[in-house]
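User: I'm new to reading protein structures. Could you walk me through a few features, step by step?

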Amino acid sequence: MSADVGEACVRSGEYVDSDAPAIVAFARQACGDAADDITKAVRLYYAVRDGIVYTPYCDFRSRETFRASACLSRGAGFCVAKAALLAAAARAVGIPARVGFADVRNHLTTPKLRRLMGSDTFYYHGYTELYLAGKWVKATPAFDRRLCEKFGVRPLEFDGQEDSLFHPYDAGGRRHMEYIRDRGPAVDVPVDEILAIFSRYYPHLTAETASAPATRFRREAEQAQAERSD
């Protein structure tokens with residue numbers, strides 16, 4: 001294994017907990033009869049992207065919000081948790097993986113979320129890096145297909161060979177996602193750093209969304225899309 005991969009990218013971590021029995025079972029089921037790493041990675045990507053509901057309304061005071069196995073158990077999570085889950089599932093089937101972070105400006109949020117955040121800038125947006133065919137490939141499993149349909153956004157596809165990051169424009173040509181700062185990869189989720197940033201910049205979001213249902217954001221997206229169409 002090359003030096004830029006490292007043993008830590010295949011071992012279980014505190015939040016990328018690839019040795020959790022539920023993670024192992026999930027990964028094996030998603031991979032099925034796949035014989036090569038690229039096919040396994042693609043199947044895992046779609047299992048996480050569409051099998052786990054995306055929601056930004058989480059209990060950001062709880063460390064469990066960031067743990068891969070907890071995200072799998074809930075069946076829902078925000079971008080960092082879903083990125084950790086994809087990384088954990090990949091490690092569970094022997095694919096080196098790590099989590100990556102960037103600050104992004106999201107132009108297609110909902111009025112409710114924007115009001116709670118007080119900003120359209122998302123700090124520590126999470127994605128996954130997978131080591132495939134001798135190189136690191138980025139994958140972003142955050143927005144599930146159903147949510148993309150509600151927003152009128154093209155769902156991100158992943159072929160295991162090219163980076164899969166958010167499109168700058170939605171299906172209607174409107175500005176969607178703009179990368180402001182790349183914070184780079186990490187072996188495990190830097191929860192202390194993220195909690196400090198969220199507490200500083202999103203105090204209302206942190207305080208008010210702990211008990212929100214997982215599908216709340218999807219309903220907001222549907223309503224916002226309907227209002228734009230009127």
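## Rings, charges and helices

Analyst: Happy to! Keep in mind that this is a predicted model. Let's start with a charge and a ring: the charged end of R98 sits over the ring of W136, 3.7 Å from the ring's centre.

User: Which residue lies over the face of Y57?

Analyst: That's R216, at 4.1 Å from the ring centre.

User: And how many aromatic pairs are there?

Analyst: Two rings pair if their centres lie within 6.5 Å. By that rule you get 16 aromatic pairs. Take F143 and F151: their rings are stacked, 6.5 Å centre to centre with 10 degrees between the planes. Both F143 and F151 are buried. There's also one aromatic cluster made of F60, F66, F78, Y123, F198, Y201 and Y202.

User: Which residues of helix α7 are buried?

Analyst: First the general idea: an α-helix has 3.6 residues a turn, so residues three or four places apart point the same way. In α7, residues 191–201, the buried ones are V191, I194, L195, I197 and F198. These residues cover an arc of only 165 degrees around the axis, which puts them on the same side of α7.

User: How do I describe two packed helices?

Analyst: Use the angle between their axes and the distance between the axes. Here, look at α2 (residues 37–51) and α4 (residues 79–92): their axes come within 10 Å and cross at roughly 150 degrees. Angles over 145 degrees count as roughly antiparallel, and α2 and α4 are therefore roughly antiparallel to each other.

User: Is the crossing of α2 and α4 left-handed or right-handed?

Analyst: Right-handed, as α2 passes α4.

Definitions and conventions: Residues are numbered from 1 along each chain as its sequence is written. This is a predicted model: local features need pLDDT of at least 70, side-chain atom pairs count only at pLDDT 80 or more; totals for chains, interfaces and linings use all residues. Side-chain values use heavy atoms; hydrogens and water are left out. Rings of Phe, Tyr and Trp (its six-membered ring) pair if their centres lie within 6.5 Å; planes under 30 degrees apart count as stacked, over 60 as edge-to-face and the rest as tilted. Buried means under 20% relative accessible area, exposed over 50%, partly exposed in between (1.4 Å probe, protein chains only). A charge sits over a ring if NZ of Lys or CZ of Arg is within 6 Å of the ring centre and within 35 degrees of the ring normal. Helices (H or I, at least four residues) and strands (E, at least two) are DSSP runs, numbered from the N terminus. The arc is that of the directions from the helix axis to the C-beta atoms. Axes are lines fitted to C-alpha atoms, for helices over the stretch in contact, and angles run from 0 to 180 degrees between N-to-C directions. Angles under 35 degrees count as roughly parallel, over 145 as roughly antiparallel, 65 to 115 as roughly perpendicular and the rest as oblique. A crossing is left-handed if the near helix is turned anticlockwise from the far one by less than a right angle, and right-handed if clockwise.
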